[in-house]
Amino acid sequence: MNEKKERIILDVAYQPQVRTGTDTRRLMLNVILALLPAVGVAVWQFGLNTLVVIAASVLSAVFFEWAMRKLRKQSNTIGDLSAVVTGLLLALTLSPFVPWWVPVIGSFFAIVVVKQLYGGIGKNFLNPALAGRAFLLASYTTLMATFNTPAHTGSAAIDAITTATPLNLMKNGGEMVYSLKDMFLGLIPGAMGEISALALLIGGLYLILRKVISWRIPVSYIGTVALLTLIFGGAGMSRVDFMLYNVLGGGLLLGAFFMATDYATSPVTLKGQLLYGAGCGAITVLIRYFGSNAEGVSYAILLMNLCAWAIDKGFHRHQFGVSKEDIAEEKAAKKAEKKAAKEAAK
């Protein structure tokens, strides 16, 4: 009696199916808690106006989420806090003194266009906060590129109301007036959530220890930027200093820990995450070296968001309960069927 071999195939499908020990609301709450050190530094350096920008961004993001779900007669999802996280992240990529309507427009694009029109959380193919920032940068370049001098400066006593960031100084060949210590502590101008490397490292390590994110993407991202800038160096400073300024400056740490790790827009395969992070790092360095923009993090992550599905597809997904012999047998059977079909057609 021939017994047909039965197989149960469990296919770990494409993102964003991620096994976690908690729900979406708790995950998002952890992200909010991890961002509080960066928010605290922003308030300390730029005053209470930062809270106005953050409030405008968060409240408008929540409103647009609620309105779109209501308009489409779908269940209310503002309780999962994902819109709050999007609004908060968007605000932290902005100058602390932009008009209140700037984050509102950015939140509209992030929530309505990028997130809800594609089905809501988990179905967007771009990081909503970064897409909102990219839209604002293309629409209001001057506002987005103007940064104010912080209240507490480090090694440089600057009296100007507006000033260049450390990355802009390096890009344009200006004299570097900020030390690495200034960048680590947050004594520099820049977007409100990007100025303190220490605050972002604290938040990032918190997310890793709480198992909200994996170490693979941020480590491969930051490591790639560090390695490439160390190899190629820059004019006016040692290779090591140039590498450290690139790692600590701009939105690299914010992007690596809080945006590149977005579940919906990053790979789920382990090797895919390493490749994805390395790709983000390589594109960031490419833009910083050859592009007109001194930053590069936003566009690097958005470009790799578009490649995430292909990266996961390129690495074989595990089929539990299936041996190599089973797979080889299945391939041989399909090959025999095709051959038989061709012979029958003759």
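**Helix packing in a predicted model**

The accessible surface of the protein in this predicted model comes to about 17,700 Å², and 64% of that surface belongs to carbon and sulfur atoms.

Reader: How many helices and strands does the secondary structure of the protein come to?
Author: The chain has 346 residues, of which 47% count as buried. Its secondary structure comes to 15 helices and two strands.

Reader: Is helix H3 largely enclosed or largely open, and which helices are included in what covers its buried residues?
Author: Helix H3 spans residues 82–92, and because 11 of its 11 residues are buried, the helix is largely enclosed by the rest of the structure. The buried residues include Ser 82, Thr 86 and Gly 87 as well as Leu 88, Leu 89 and Leu 90. What covers them includes helices H1 (24–46), H2 (49–71), H4 (101–115), H5 (128–139) and H12 (252–259).

Reader: Are helices H10 and H11 roughly parallel or roughly antiparallel?
Author: The axes of H10 (residues 216–232) and H11 (residues 239–248) come within 8 Å and cross at roughly 150°. Since angles over 145 degrees count as roughly antiparallel, the crossing makes H10, relative to H11, roughly antiparallel.

Reader: By class, which residues make up the contact of H10 with H11?
Author: H10 passes H11 in a right-handed crossing. On the H10 side the residues in contact include Ile 222, Val 225, Thr 229 and Phe 232, and these meet a set in H11 that includes Arg 239, Phe 242, Met 243 and Asn 246. By class, the contact has 10 nonpolar, two polar and one charged residues.

Key. Residues numbered from 1 in each chain as written. Predicted model: local features only at pLDDT ≥ 70, side-chain atom pairs only at ≥ 80, totals over all residues. Heavy atoms only, no water. Helix = DSSP H or I, 4+ residues; strand = E, 2+ residues; numbered from the N terminus. Buried < 20%, exposed > 50% of the residue type's maximum accessible area, 1.4 Å probe, protein only. Areas by Shrake-Rupley, 256 points an atom, 1.4 Å probe, with all protein chains shown as cover. Axes fitted to C-alpha atoms, helices over the stretch in contact; angles between N-to-C directions. Parallel < 35°, antiparallel > 145°, perpendicular 65-115°, else oblique. Left-handed = near helix turned anticlockwise from the far one by under 90°. Contact = heavy atoms within 4.5 Å. Nonpolar A, V, L, I, M, F, W, Y, C, P; charged D, E, K, R; others polar.
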